[in-house]
Amino acid sequence: MYFKKLSGERCYLSPIDLDDAPKYAAWLNDPEVTAGLTLASAVVSLAGEREALARLAKDHNYAIVDAASDGLVGNVGLMDVDHLHRTAEIGIFIGDKRFWGKGYGREAMALLIDYAYARLNLNNIMLRVYAYNERALRSYEALGFTKVGALREAVTVDRKAHDVIIMDLLPKDFYRARGR
């Protein structure tokens, strides 16, 4: 069952439902879905995914739910939240391929980022993205993220080394990119 914690036009964010473990396990075992994730080489069992979701559900991790159908799309979450220094890392994945390239990821990120700044009082949100993930890079830049560095050749995919791009976002950049 989903609850509308944070609502947008296309989607809303809901606390994670542990009954969705089979969907998540299927997505996380699909190489096409995990190509841009650190989980690309992981073997995800149903039992393991239930445990992972139980851990994730305790923090600021949310299911992304399609507003029109109430169907699960993916998830988005904050990791390593540091309330003293007001920082966190954000991560996202859209597991249901039917929703790729349609703005769901950008909207879900915007909902969580606004919540992080307005309600959690954070000031700096960072993320890591593989350099070859051009669609994600464009989406993050549209949200106001700025490249602040790279881990050179830090990931190897199909025997080819790629950089891991590090990006961060301050509230002023986020709200400026959103016209506020």
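Trainee: Buried means under 20% relative accessible area, exposed over 50%, and partly exposed in between (1.4 Å probe, protein chains only). Which residues of helix α3 are buried?

Mentor: E49, A52 and L53 are the buried residues of α3, which spans residues 46–56. Keep in mind that this is a predicted model: local features need pLDDT of at least 70, side-chain atom pairs count only at pLDDT 80 or more, and totals for chains, interfaces and linings use all residues. Residues are numbered from 1 along each chain as its sequence is written, and side-chain values use heavy atoms, with hydrogens and water left out.

Trainee: What counts as a helix or a strand?

Mentor: Both are DSSP runs, numbered from the N terminus: helices are H or I with at least four residues, strands are E with at least two.

Trainee: Why do the buried residues of α3 line one face?

Mentor: Seen down the axis of α3, they fall within an arc of 100 degrees, so they line one face of the helix. The arc is taken over the directions from the helix axis to the C-beta atoms. On the other side of α3, E51 and R55 are exposed.

Trainee: What covers the buried residues of α3?

Mentor: The cover includes α1, residues 21–28. α1 also packs on the sheet, where it touches β3, β4 (72–82) and β5 (87–94). Contact means heavy atoms within 4.5 Å. The direction of α1 makes about 85 degrees with that of β4. Axes are lines fitted to C-alpha atoms, for helices over the stretch in contact, and angles run from 0 to 180 degrees between N-to-C directions.

Trainee: On to the sheet. What is the strand order?

Mentor: β1-β2-β3-β4-β5-β6-β8-β7. The sheet is open, with eight strands and mixed pairing. Two strands pair if DSSP finds at least two bridges between them. β1 (6–7) and β7 are the edge strands, each pairing on one side only.

Trainee: How does β2 pair with its neighbours?

Mentor: β1 and β2 run antiparallel, joined by two bridges. They form a hairpin with three residues between them. S7 has Y12 of β2 as its bridge partner. Over to β3: β2 (residues 11–15) runs antiparallel to β3 (residues 61–66), with five bridges. C11 stands opposite D66, and S14 has A63 as its bridge partner.

Trainee: Is β2 mostly covered or mostly exposed?

Mentor: Mostly covered. Four of the five residues of β2 are buried.

Trainee: And the β7 end, what happens there?

Mentor: β7 (residues 146–157) and β8 (residues 160–169) pair antiparallel over eight bridges. They make a hairpin with two residues between the strands. D158 in that turn has a positive phi of about 50 degrees.

Trainee: I was looking at A161. Where is it?

Mentor: In strand β8, where A161 stands opposite T156. A161 counts as partly exposed because its relative accessibility is 35%. Leaving out residues up to four places away in sequence, A161 touches E153, V155 and T156.
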